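The sequence and the model are shown first.

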Amino acid sequence: MERFAADLATMVRTPLEPEHVAALRRAGEIRRFEAGDFVQEPGEAIELFHYVMSGEVEAVDVRTGQRYGIATLGPGQFGGELAFLSGGLSLSGLRACEQSEVLCVPRQTVLKLMSDIPEMGDIIVTVFAARRRRALEDSDGALTLIGAEVSRDIRHVAGFAARNRIPFREIALDSDEAKALAAECGLAEAEPGVIFGRERKIEPPTPRGVAETLGFDLSTQGDTFHDVLIVGGGPAGVAAGVYAGAEGLSALVLEDLAIGGQAGTSSRIENYMGFPTGISGGDLVGRGEVQAMKFGTRFAVPRRVEALRQCGDKYFHAKLEDGGEISAKALVVATGVQYRRLPLEGLERFEGAGVYYAATELEQRWCRDQEVAVIGGGNSAGQAAMFLARGCAHVHVLVRGAALASSMSDYLVQRLTSHPHITVHTRTEVLELHGDAVLEGVTICDKASGQDWRLKTSALFVMAGAAPNTGWLSGLVDLDDKGFVVTGQQAGGRTTYETSCPGVFAVGDVRAGSVKRVASAVGEGSVVMSAVWDHVHA
């Protein structure tokens, strides 16, 4: 299966060409560092690109202050990783091992050079992405999560970090290391929490707290006006971000949970053109995010738009959850759909502690070798069941109808019905959830026989009942009777994806009449930018 990036251990390194280095030299300055000097302070904002001219430089682990890994950088190599593209904090520092000369170039200048010289950009982005992949696979990052095995809040942070490709490691609450970290953070005893580096405890231990610490949100950025604001970071929104940046538009993508959207919860997509061995939804959209950032598109997560208004100048102003406001000349609605919350007593108590809305490697770890249940009859449910069957004792697929959804791809239907560790239960639904702090079982109603039965399980995956995320549009655009955004001729739009409000466009699953497939969403997000460009420059 294809991955998010190349394997750093086996990839063929391509050095920057002499003309690339010459362009960097014209834009930067060479600085001398003595042994032990920091070239890039760990945990600080990334403002410069570092290219080693002479000497030796090592990556520094934020947690220990020691060398990260076993490799060092020599002449002709450069430091940095994906956080450079977004302007976040350095997840590892750089330190001179001996007297070294380093070419230092302002970050914004390098981003411009990467856009102007695509071959240079390809080399830098490939290395940055491979370094991030290594950190993810090694579970080796600046973030330490303590007590995910007992805390639902820490599990939420773990899910956020995993889906946004933020490297982290987990340690058990009762471990000696947890006790040592507690002492270094000035705590009387170990408790569930999130630590950045060695001593910085993130408060509150939430996805937003992590994002603020790492610079993933907007708190470290000053721009509040853009050519186009893209709300939603799924396949449609990220594709729009790629094409907006490529067309030279100032673009910002806002996402309230994780880049990838609902597609990011798919562990394996096999019917997307160009990936014959399949690719996870998170890796597919993650590649698009890197591509968009290379073109200058910015991303902010987790940021939620709560309301929308249009001023007398016809600009759009999105009110965020913290009261802040982002403005733009055009708006692309790409908020997709979300799974409906089941009307079950105690559901909220078990969310993140047995009830999940994604099936990735992280969730699979929490229910390995156990029986699990998946609610849903569409592609997302089918892909989840196939993935979970690799590590769980048995997977029960619960379908309300008389058969799997007609929208499920035939290859998935065949695999589900023939898999020895998957049972499809039609005309069934969950009646009750059981457990105290965590889910311990569910009661299931079999409508065909009229019998209720109880399944002992610690994991219930909900992947059914998709509802559009359109409440924040504040009545500015027309919706159909199910809440999806109406576009094109039916709405009085000037183009296929324009809504009833000129300058507001809708793409992907949130659009009425769209085909609910990843490829379709990517196509709509790409095509819409031509009409957006015309509106911005009208």
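Which residue's side chain meets that of R303 in a salt bridge? The partner is E321, with an N to O distance of 3.0 Å. A salt bridge here is a side-chain nitrogen of Lys or Arg within 4 Å of a carboxyl oxygen of Asp or Glu.

The model is predicted, so local features need pLDDT of at least 70 and side-chain atom pairs count only at pLDDT 80 or more, whereas totals for chains, interfaces and linings use all residues. Residues are numbered from 1 along each chain as its sequence is written, and side-chain values use heavy atoms, with hydrogens and water left out.

**Salt bridges**

The count comes to 33 salt bridges. In general, side chains of opposite charge can pair when their charged atoms come close.

| Pair | N to O distance |
|---|---|
| E177 and R169 | 2.5 Å |
| R303 and E321 | 3.0 Å |
| R208 and D322 | 3.5 Å |

R303 and E321 are joined by a salt bridge. R303 lies in the loop between β14 (298–300) and β15 (305–310) and E321 in the loop between β16 and β17, so their pairing ties together parts that are 18 residues apart in sequence. Helices (H or I, at least four residues) and strands (E, at least two) are DSSP runs, numbered from the N terminus. R303 is buried, at 4% relative accessible area, while E321 is partly exposed, at 22%. Buried means under 20% relative accessible area, exposed over 50%, and partly exposed in between (1.4 Å probe, protein chains only).

The closest N and O atoms of R208 and D322 are 3.5 Å apart. D322 is partly exposed, with a relative accessible area of 46%. A network of salt bridges links R208, E212, R303, E321 and D322.

In the pair of E177 and R169, E177 is partly exposed at 30% relative accessibility, whereas R169 is buried at 13%.

**A buried glutamate**

E498 is placed in the loop between β27 (466–468) and β28 (504–506). With a relative accessible area of 2%, E498 is buried. A polar atom of its side chain lies 2.9 Å from the backbone nitrogen of G503. Beyond its neighbours within four places in sequence, E498 is in contact (heavy atoms within 4.5 Å) with T487, G488, G493, G503, V504 and F505.

**Helix packing**

Axes are lines fitted to C-alpha atoms, for helices over the stretch in contact, and angles run from 0 to 180 degrees between N-to-C directions. Angles under 35 degrees count as roughly parallel, over 145 as roughly antiparallel, 65 to 115 as roughly perpendicular and the rest as oblique.

The axes of helix α5 (residues 152–163) and helix α7 (residues 207–214) come within 9 Å and cross at roughly 50°, which makes α5 oblique to α7. H156, V157 and F160 of α5 meet P207, V210 and A211 of α7.

Helix α3 (residues 107–116) packs against helix α4 (residues 118–137) at about 120°, their axes being 5 Å apart. The two helices are therefore oblique to each other. V110, L113, M114, S115 and D116 of α3 make this contact with P118, M120, G121, I124 and V125 of α4.

Notes. Polar contact = N/O pair within 3.5 Å; in protein donor to acceptor, adjacent residues only side chain to side chain.
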